[in-house]
Amino acid sequence: RFDENIGDLRQYWGNSNHFRQVNLEDPLFVQREIVAKLNGVDAEDFDDLINFVSVQLRKVHQSGDITDRELKIDRTTFTEAGNRFPMEYGWKGDEDRTQWLQYQYKVHWGLQGGREVISDWEESDNGMIDLTPPLQKVTVSMDGSQDELVSADVRAAIVTLYYNPSGTKEVQRRETFRIDKGECARDVTILLPRDIESYEYDIKWQTKDGKVLNSERQPGFGTLVYIDPPTV
């Protein structure tokens with residue numbers, strides 16, 4: 001029974017049927033911890049960039065056994081875990097210590113807007129897996145001169161941004177400025193592939209007499225788009 005004190009066990013010390021000492025450094029007891037960590041991400045990114053990210057880890061042991069591990073990170077787990085997500089695999093006939101450090105991992109990004117990015121299996125021996133989102137948030141500032149727009153009888157301006165966050169499908173984002181209501185500046189955030197700030201845009205101006213003036217579609221210059229009226 002274990003609902004009361006089990007008594008004095010000193011009489012059994014040295015009896016291998018009751019006590020056994022083991023060396024926790026023995027390979028049979030060794031566990032390798034691999035820690036995944038999101039790089040350059042905070043909790044707010046789970047609102048407008050990331051839905052989730054999952055990591056699969058696979059260790060092929062020298063014995064032929066396979067250890068599979070998987071974890072999923074969303075806003076809740078990110079906040080609770082403090083951006084530290086461990087996975088472990090053990091020792092299964094891995095006599096070659098260098099080879100024992102080798103493992104494979106695969107990352108699945110679930111991004112806002114239903115986009116998904118899934119990596120190939122990658123080899124590593126690092127104890128840390130850095131998870132860097134394949135997309136970045138880029139703020140584009142749209143700005144115009146209220147005086148010039150009013151002087152040109154512009155009533156409204158429509159700016160359309162064209163960009164390709166996934167590399168396969170173009171996305172359009174349209175912003176309307178009511179110049180007659182004093183709207184002539186706005187910051188918008190778009191998603192672009194990491195380390196790339198390439199997008200295009202065009203502008204339509206509607207005048208008070210109902211005319212519509214169109215700009216050509218053109219590449220964005222940095223992250224600033226001017227919506228001043230065209231010169232005619």
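**Entry 1: Asp45**

I began with Asp45, which counts as buried at 5% relative accessibility. For my own reference, buried means under 20% relative accessible area, exposed means over 50%, and partly exposed lies in between, using a 1.4 Å probe and protein chains only. I then looked up where Asp45 sits, and the place is helix H1. Helices (H or I, at least four residues) and strands (E, at least two) are DSSP runs, numbered from the N terminus.

Before going on, I noted that this is a predicted model, where local features need pLDDT of at least 70, side-chain atom pairs count only at pLDDT 80 or more, and totals for chains, interfaces and linings use all residues. Residues are numbered from 1 along each chain as its sequence is written, and side-chain values use heavy atoms, with hydrogens and water left out.

Which residues is Asp45 in contact with, leaving aside its neighbours within four places in sequence? I found Gly40, Ile50 and Lys137; contact here means heavy atoms within 4.5 Å. I also looked for polar contacts (a pair of N or O atoms within 3.5 Å; within protein, one must be able to donate a hydrogen and the other to accept it, and residues adjacent in sequence count only if both atoms are side-chain atoms). The side chain of Asp45 makes one with the side chain of Lys137 at 2.7 Å. That side chain of Asp45 also reaches the backbone nitrogen of Asp42, at 2.9 Å.

**Entry 2: salt bridges**

How many salt bridges does the structure hold? I noted 12, each being a side-chain nitrogen of Lys or Arg within 4 Å of a carboxyl oxygen of Asp or Glu.

Lys137 and Asp45 form one of them, with their closest N and O atoms 2.7 Å apart. This pair links distant parts of the chain, because Lys137 is in strand E9 (residues 135-143) and Asp45 in helix H1 (residues 45-48), 92 residues apart. Lys137 is partly exposed, with a relative accessible area of 34%.

Next I checked Glu200 and Arg217, whose closest N and O atoms are 2.6 Å apart in their salt bridge. Glu200 is in strand E13 (residues 200-207), and Arg217 is in the loop between strand E14 (212-214) and strand E15 (218-219), 17 residues apart. Glu200 is partly exposed at 31%, and Arg217 is partly exposed at 40%.

My last pair was Arg173 and Glu175, with 2.9 Å between the closest N and O atoms of the bridge.

**Entry 3: nonpolar cores**

A nonpolar core is a set of buried Ala, Val, Leu, Ile, Met, Phe, Trp, Tyr and Cys residues joined through side-chain atoms within 4.5 Å. The largest one has 28 residues, of which Leu38, Ile73, Trp109, Ile129 and Leu131 touch the most other members. Strand E5 (103-111) is among the strands that each supply at least two residues, and E5 gives the most, with five. A second, separate core of 21 residues includes Val138, Val154, Tyr163 and Ile203.

**Entry 4: confidence**

Finally I looked up pLDDT, the predictor's confidence in each residue, from 0 to 100. The protein averages 89, and 94% of the residues score at least 70. Among the elements, H1 has the lowest mean (83) and strand E7 (residues 122-124) the highest (97).
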